2 protein chains.
Amino acid sequence: MKKIINQVEAVVDEALTGLVRTFPQYLIRIPQSRVLARAYPKPEGRVGLVSGGGSGHEPAHGGYVGYGMLDAAVAGEVFTSPTPDQIVEGIKAADRGAGVLLVVKNYTGDIMNFDIARELAESAGITCAQVVVNDDVAVEDSLFTTGRRGIAGTIFVHKIAGALAEQGASLKEVQAVAEEVIAHVRSMGFALTSCTVPAAGQPTFALADDELEMGIGIHGEPGIARQPMLSARQLADALLKRIAADLGLHAGQHVAALINGLGASPLLELSILAGEVAHWLDQAGVVLDVMWTGEFMTSLEMAGASVTLLPLDDRRRALLLAACDTPALRQGLRHD
Amino acid sequence: MKKIINQVEAVVDEALTGLVRTFPQYLIRIPQSRVLARAYPKPEGRVGLVSGGGSGHEPAHGGYVGYGMLDAAVAGEVFTSPTPDQIVEGIKAADRGAGVLLVVKNYTGDIMNFDIARELAESAGITCAQVVVNDDVAVEDSLFTTGRRGIAGTIFVHKIAGALAEQGASLKEVQAVAEEVIAHVRSMGFALTSCTVPAAGQPTFALADDELEMGIGIHGEPGIARQPMLSARQLADALLKRIAADLGLHAGQHVAALINGLGASPLLELSILAGEVAHWLDQAGVVLDVMWTGEFMTSLEMAGASVTLLPLDDRRRALLLAACDTPALRQGLRHD
């Protein structure tokens, strides 16, 4: 295992330190915790948004803390849910007196620990609500999940719920829009190589030189099929066919797409995939209103990518395009 | 070779297509060319800024086209200088009647082709000036260069010269500030793995499982030494010692740092390196005013990173922190 690290045990703490040193204008770290919170909290009386999960998915989730998105992000060990006490710290940091929405990805460990944390926070007087993201159409049930897994579609949930929270909506309204996004957002990914969990020291799985894993999870969980390598056009087609079928996507619909690198695949390749996704949607008569291409929800240094589609109506589009200002996503801001 | 591509020959064109589909609010492609230009050009009477070089360094250079940075970026084949006719197209796209500054990295092929392009553009009536970035302290002369190579420090040149050009400074002034940055900026990198040039189909070099290449170039050119793997702290120390010695860095100086991933190293690891760089500078009594951490100037899917330092005075700091709005770098913008 060759990684830019010191001790394996220190990976998460040291990465948080480096993030705060890089983005002091956005992030503070709550003392004695693995919680990153806004350096400039939103005004009192606004709904707070907390997300989190295992580390190894950077820039998720600390990279989305800031204006228009999250108020706090809680980092667990690599690919391991944060503990309830840490999540409670995140909830406290996010609380501005109007309740806190927790955005959880559908993994058994995360659900359990966020449930406990929510109860603890509520007994301390903070009203909480929770949504569970399960956008991965590849598999029902898997190594760490009952039901579908939550993957990169989570970023659209952060963005849209975060925009509404910033506008001053109630906890019920913010929860409802998050659930609306979850009901519509669908993703699927593939891997060209495995990742290596630092504490394990060796790759989670092995793929031959001409082989890919279709439907991969963001922790290296198995997908649907190990199959011969495909071209970028074939990859886009394989992912989009399945996503479109699940969504009942049809000509004339408007969508947002997220082309998400899993870690090692460079922007050159992600851009080619983005072009193919756009071309596929053009051919299907689907209107691509928004596309984001880059690394949003990674799986350590795995090579590969996922594609996410979110059908848009006017309100979801407006919230998706609303200004945000975070380490990993800045848009709709003004100069002059 | 496993990559998310179609035909090897189409890689650059298809990546440009995907970039424009992702960032239509920033980028247009000049027809029949490999030039990306601003979707919303700056006002007439301002100095234009053109950069470019081989592809494979994404988000460089197209990702830096936009407000406060470049006006046009010219993409060559992977790791190959763009041809003079393409560079001329870039100059024309950037020209707003006040002259155009070309930012070139110090590689023999780039220098030659930008020289020819500059002459062609000047004979067509566009006043041009050129600066050559040579920030890599690792080696004097190398496979593709006489003198030092230009690597990630180029991003600071784009940023500072771009900010001054946006303010309406003259070509002489913009050239002078770019040369001032070049005189001060220093970088060095290391690789944990090779990259694979698509047309070659196999890795440029091989490293053992416990080995790194110190002083690597951004095209896989050899560095100073092949040596046993180091910790993040040792890596920061090795790079910064050499950079600091070259700069004559001393306590009390203010600097900007760029922690640049070469492609496959995830943000988790880059953040750990960033924390170590910050710690090293703290210990040396050097004041870290600005740090950027991420992928700015990559080398396809190479694992590894480079560190860049730029000593700051008040003017360079202000220009570095000035607002910019490009696909790859957005800062200093306003909401509300």
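## A walk through two chains

Start by selecting helix 1 of chain A and helix 7 of chain B: A:V11, A:E14, A:A15, A:G18, A:L19, A:R21 and A:T22 meet B:L268, B:S271, B:I272, B:A274, B:G275, B:E276, B:A278 and B:D282. Contact here means heavy atoms within 4.5 Å, and helices (H or I, at least four residues) and strands (E, at least two) are DSSP runs numbered from the N terminus. By class, this contact has seven nonpolar, four polar and four charged residues. Ala, Val, Leu, Ile, Met, Phe, Trp, Tyr, Cys and Pro count as nonpolar, Asp, Glu, Lys and Arg as charged, and the others, Gly among them, as polar.

Before going on, note that this is a predicted model, in which local features need pLDDT of at least 70 and side-chain atom pairs count only at pLDDT 80 or more, while totals for chains, interfaces and linings use all residues. Residues are numbered from 1 along each chain as its sequence is written, chains are lettered from A and ligands numbered from 1 in the order written, and side-chain values use heavy atoms, leaving out hydrogens and water.

Now turn the view to see the two helix axes, which come within 7 Å and cross at roughly 65°. Helix 1 of chain A and helix 7 of chain B are therefore roughly perpendicular to each other (65 to 115 degrees).

Next, show both whole chains. How many residues does the contact take from each chain? Chain B gives 59 residues and chain A gives 59 residues. Together the chains bury about 5,100 Å², 59% of it on carbon and sulfur atoms; buried area is the accessible area (1.4 Å probe) that two parts lose on being put together, summed over both. On the chain B side, pick out B:K2, B:I4 and B:L268, which lose the most area to chain A.

Stay in chain B and select helix 2 (residues 84-94) and helix 3 (residues 108-123), whose axes come within 8 Å and cross at roughly 55°. B:P84, B:I87, B:V88 and B:I91 of helix 2 meet residues of helix 3 including B:F114 and B:L120.

For the last stops, look at some loops and rings:

- A:E58 to A:P59 is a cis peptide bond, with omega near 15°; A:P59 lies in the loop between strand 3 and strand 4 of chain A.
- B:A60 and B:H61 are also joined by a cis peptide bond, with omega about 0°.
- A:F156, A:W292 and A:F296 are linked into a cluster by ring pairs (ring centres within 6.5 Å).

Definitions and conventions. Axes fitted to C-alpha atoms, helices over the stretch in contact; angles between N-to-C directions. Phe/Tyr/Trp six-rings, centres within 6.5 Å; stacked < 30°, edge-to-face > 60°. Parallel < 35°, antiparallel > 145°, perpendicular 65-115°, else oblique.
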